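My notes follow in the order I checked them.

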Amino acid sequence: MKFLYKLERKIGKYAIKHLMFYIIGLYIVGWLIQMMDEMKFGQYGQYVGLYARYLAFDAEKILSGQVWRIITFIIMPPENSSYIFMIFTLYLYYILGTALENAWGAFRFNLYFFMGILMQVIAGFLGYFVFDLNLSLTTYYLNMSLFFAFATIYPDMELFLFFLIPIKIKWLALIDGGYFIFVIISNFMIGGTNIAVAVSAMVSLLNFVIFFLMTRNYKRISPVEIGRKKKYKRAVKIQSRPNNRLHTCAVCGRTSETNPELSFRYCSKCNGNFEYCQDHLFTHEHKK
């Protein structure tokens, strides 16, 4: 956590503000390339034509000199999408990204997104060198993971499912998590080119977990902090009582905090300010 603060102080000024606006612009470019590919080559699968030949992530071709593919693969828009769904998806990405940037600040949102891209690239090269798999990865699931981050900040915000049913963001995030797990398991079981989908989803989920652990304030759950909070709550509880003081029986030592059901009174026959609980008010020995 301290490292993150130091990093933000040093390079935070270089963070790209309104990053999601530029990312959406890149997706629109990728969408146009996809449309041209389909018009020229027909729909033969995922993004044939210009994107597949020159822009998609391909570890083998990157190592052969086409290093731009490390960056250009991020323009791939959501796959197999209608125009209406594409517009809705890009709008949702923009809303989530903007909300996260406003909550975290430009630097942390930049860190989350670019760390996710870096992890996709690392996974692609690990797949190639370790498992001899040439994975064509995308940022599709990275964008979907933005919903997890949004849910950690606004868990009780409500959305209207089908414009009718109110449901809290945290429950939708759990559904999204279940979908991620299903995608990972099912595509690993299918194998072949589907492994790229499983790896992309798994890496995006891992990126969220790592970022969450990096930015979490662990001081809040330390024993010292928990003890301090309990002490503060007790003090607030005492201050909220009439006369803002703790009543203590001079005989048995019970207090209005340990035994709130008891009544405490001063004895007019004792010299000094001595309080007694209801059990000892009339039975104690008067102090002279």
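In which strand does E275 lie? I found E275 in strand β4, residues 275-277. I kept in mind that this is a predicted model.

**E275**

Next I asked: is E275 buried or exposed? Its relative accessible area is 6%. Buried means under 20%, so I noted E275 as buried. I also checked its spacing to V251. The two C-alpha atoms are separated by 8.7 Å, and the residues are 24 apart along the chain.

**Salt bridges**

How many salt bridges does the structure hold? I counted three.

I started with D156 and K168. Their closest N and O atoms are 3.8 Å apart. This pair links distant parts of the chain, 12 residues apart: D156 sits in the loop between α9 and β1 (158-161), and K168 in strand β2 (residues 165-168). I read D156 as partly exposed, at 46% relative accessible area. K168 is partly exposed too, at 28% relative accessibility.

D156 also meets K170 in a salt bridge, 3.3 Å from N to O. K170 lies in helix α10 (residues 169-190) and D156 in the loop between α9 and β1, so this bridge ties together parts 14 residues apart in sequence. I noted K170 as partly exposed, with a relative accessible area of 30%.

Then I turned to R254 and D279. Their side chains meet in a salt bridge at 2.8 Å, N to O. R254 is in the loop between α12 (223-239) and β3 (264-266), while D279 is in the segment after β4, so the pair ties together parts 25 residues apart in sequence. R254 counts as partly exposed at 25% relative accessibility. D279 counts as partly exposed at 41%.

Which residues do shared partners join into one network? I wrote down D156, K168 and K170.

**Helix pair**

I looked at α9 (residues 146-153) against α11 (residues 194-215). Their axes come within 9 Å and cross at roughly 30°. Angles under 35 degrees count as roughly parallel, so α9 and α11 are roughly parallel to each other. I recorded their crossing as right-handed.

**Surface patch**

Last, I checked the surface for nonpolar side chains. I16, F21, Y22, Y91, Y94, I95 and F114 form a nonpolar patch there, with about 710 Å² of accessible area together. The elements giving two or more residues to the patch are α2 (19-41) and α6 (83-104). Which element gives the most? I found that α6 does, with three residues. I followed up on Y94, which has its place in helix α6. Y94 counts as partly exposed, at 34% relative accessibility.

Conventions. Residues numbered from 1 in each chain as written. Predicted model: local features only at pLDDT ≥ 70, side-chain atom pairs only at ≥ 80, totals over all residues. Heavy atoms only, no water. Patch = residues over 30% accessible without salt bridge, like charges linked within 9 Å, V, L, I, M, F, W, Y side chains within 5 Å. Areas by Shrake-Rupley, 256 points an atom, 1.4 Å probe, with all protein chains shown as cover. Salt bridge = Lys/Arg side-chain N within 4 Å of Asp/Glu carboxyl O. Helix = DSSP H or I, 4+ residues; strand = E, 2+ residues; numbered from the N terminus. Buried < 20%, exposed > 50% of the residue type's maximum accessible area, 1.4 Å probe, protein only. Axes fitted to C-alpha atoms, helices over the stretch in contact; angles between N-to-C directions. Parallel < 35°, antiparallel > 145°, perpendicular 65-115°, else oblique. Left-handed = near helix turned anticlockwise from the far one by under 90°.
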